[in-house]
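This briefing goes through the structure shown below, topic by topic. Please keep the sequence and the coordinates at hand while reading.

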Amino acid sequence: IEIGPQVVINEGAALIAHSELPNGNVSFKKLTLEHRASVLWSSYLTGGAHLPEGTILGSAARPFDGQELEAESEYDNTPCRKRT
């Protein structure tokens, strides 16, 4: 897990960089939170996720695998949708 400067991770947020494979092995994937990213209450990031600079992941939100988020943007819901 890479956490940049001035990142905010709120209570109840989950950062999970591992998963169990069907054969019982554990797989680890990189999880990156760039400068000034925020993970709000009860939101959820899994391995392979990348939260760009200045991005806000809203409460109870989760990006799906492979979903690319834009810098300086705010996202809500599961799967994430950019707030306009």
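**A partly exposed asparagine, and the chain around it**

With a relative accessible area of 34%, Asn77 is partly exposed, since this value falls between the 20% under which a residue is buried and the 50% over which it is exposed. Asn77 belongs to the loop between β11 and β12, and its phi is positive, at about 75°, although the residue is not a glycine. The model is a predicted one, and the points below set this residue beside others in the chain.

**Residues with particular backbone geometry**

- Ser42 also has a positive phi, of about 60°, although Ser42 is not a glycine; this serine is placed in the loop between β7 and β8, the latter spanning residues 44–46.
- Ser42 has a relative accessible area of 31% and is therefore partly exposed.
- The peptide bond that joins Thr78 and Pro79 is cis, with an omega of about -5°, and Pro79 is found in the loop between β11 and β12, where β12 covers residues 81–82.

**Overall architecture**

- The chain contains 12 strands and zero helices, so that the pattern read along the sequence is β-β-β-β-β-β-β-β-β-β-β-β.
- The radius of gyration is 12 Å, close to the 12 Å that the globule rule gives for 84 residues, so the chain is as compact as a globular protein of that length.
- Taken along the principal axes, the C-alpha atoms fill a box of roughly 40 × 25 × 25 Å.
- Among contacts with a separation of 6 or more, 27% are between residues 24 or more positions apart.

**Burial, surface and charge**

- Of the 84 residues of the chain, 33% count as buried.

**The nonpolar core**

- In soluble globular proteins, nonpolar side chains tend to be buried together.
- The largest nonpolar core here has 14 residues, of which Leu31, Leu33, Val39, Leu45, Leu51, Leu57 and Cys80 touch the most other members.
- Once neighbours within four places in sequence are left aside, Leu51 is in contact with Leu33, Val39, Leu45 and Leu57, among others.
- The contacts of Leu51 also include Thr32, Glu34, Ala37, Ser38 and Leu69.

- Ser38 is located in strand β7, which covers residues 38–39, and Ser38 counts as buried because its relative accessibility is 13%, under the 20% cut-off.
- Although Thr55 and Ser38 are 17 residues apart along the chain, their C-alpha atoms are separated by 6.3 Å.
- Not counting residues up to four places away in sequence, Ser38 touches Val8, Leu51, Thr55, Ile56 and Leu57, so two of the core residues named above, Leu51 and Leu57, are among the partners of this serine.
- Ser73 sits in the loop between β10, at residues 56–57, and β11, at residues 74–76, and its relative accessibility of 7% is the reason that Ser73 counts as buried.
- With residues up to four places away in sequence not counted, Ser73 touches Gly54, Thr55, Ile56 and Lys82.
- The C-alpha atoms of Ser73 and Thr84 are separated by 9.0 Å, the two residues being 11 residues apart along the chain.

**Asp76 in strand β11**

- Which residues does Asp76 touch, when those up to four places away in sequence are not counted? They are Gly58, Ala61, Arg81 and Arg83.
- Asp76 lies in strand β11, and its C-alpha atom is separated by 31 Å from that of Pro22, which is 54 residues apart from Asp76 along the chain.

Technical notes: Residues numbered from 1 in each chain as written. Predicted model: local features only at pLDDT ≥ 70, side-chain atom pairs only at ≥ 80, totals over all residues. Heavy atoms only, no water. Core = buried A, V, L, I, M, F, W, Y, C linked by side-chain atoms within 4.5 Å. Buried < 20%, exposed > 50% of the residue type's maximum accessible area, 1.4 Å probe, protein only. Contact = heavy atoms within 4.5 Å. Helix = DSSP H or I, 4+ residues; strand = E, 2+ residues; numbered from the N terminus. Rg over C-alpha atoms; globule rule 2.2 N^0.38 Å.
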